[in-house]
Amino acid sequence: MTRETGFTLIEVLIAMAITAVVATLSFAALDTTLDSVEVLQREGERIADLNRAWSLLNRDLSHFVDRPVRNEFGGRNESMQGGEIADSTLAFTRVGWHNTTGRIRSNMERVRYVLENDTLYRERFLVLDRTSETEPQRVALLEGVTAIEFRFLPASFPMRPGEFDTTNWPDAWAVGAASASPGPPQALELRLTLQDYGDVNWLYEIPNGGL
């Protein structure tokens, strides 16, 4: 007589309990892994945005040219001006505007960096000497910026290699300089206060600054 064998009810329940525990632990591990991947992806995108903003400002400043402009009110704006008490956050003239369409125009343009509603914007004007109808083209560069600060190194200040103490640098440039231009600075420091990373400092050297 053949005796049938199999699992008892207790064995089946134990196996189901072990399977449920393993499945729960596996799901928790998978969920943690997916969360980590998502966090790393957001961090990577944030760092990419920071690098893009830094690179764009660096490119603009590397093409700086000492050319004042006329604003929409007919007044003179120096080739570079910025700081809290200036008309704009940071504005300057740059050369190297590529003319891919072959239009008759200057190869210089006026760019401006503005902080508005916790977002850093880059603006560019299609003409150097503006009128009341001239509107800038605006691109959002970086979100989550709660504060911005500039410091400028005048040509009269010594700049020693490897020394980056910007404490005594002026925090505004070309303010009220209609009668006597101070000329361009030889370097500037940009400090951004970010919602996620806190303070981030960038230091730029201005080509031909002070000449």
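Author: The part to look at is Tyr113, which is found in strand E5 (residues 108-116). Strands (E, at least two residues) and helices (H or I, at least four residues) are DSSP runs, numbered from the N terminus. The model is predicted: local features need pLDDT of at least 70, side-chain atom pairs count only at pLDDT 80 or more, and totals for chains, interfaces and linings use all residues. Residues are numbered from 1 along each chain as its sequence is written, and side-chain values use heavy atoms, with hydrogens and water left out.

Tyr113 counts as buried because its relative accessibility is 2%. Buried means under 20% relative accessible area, exposed over 50%, and partly exposed in between (1.4 Å probe, protein chains only).

Next come the neighbours. Contact means heavy atoms within 4.5 Å. With Asp60, the side chain of Tyr113 makes a polar contact of 2.5 Å. A polar contact is a pair of N or O atoms within 3.5 Å; within protein, one must be able to donate a hydrogen and the other to accept it, and residues adjacent in sequence count only if both atoms are side-chain atoms. Ala140 is 27 residues from Tyr113 along the chain, and their C-alpha atoms are separated by 9.9 Å.

Strand E5 belongs to an open sheet of six strands, in the order E7-E6-E5-E4-E3-E9, with antiparallel pairing. Two strands pair if DSSP finds at least two bridges between them. The edge strands, E7 (137-143) and E9 (172-173), each pair on one side only. E9 is joined to strand E3 (residues 80-83) by two bridges, and in E9 the bridge partner of Gly82 is Trp173.

Leu90, a contact of Tyr113, also touches Met80, Phe150 and Leu188, among others. In the largest nonpolar core, of 28 residues, Met80, Leu90, Phe92 and Leu188 touch the most other members. A nonpolar core is a set of buried Ala, Val, Leu, Ile, Met, Phe, Trp, Tyr and Cys residues joined through side-chain atoms within 4.5 Å. Among the elements that give two or more residues to this core are helix H1 (9-62), strand E4 (90-95) and E5. H1 gives the most, with five residues. In soluble globular proteins, nonpolar side chains tend to be buried together.

Methods:
Lists of a residue's contacts leave out its neighbours within four places in sequence.
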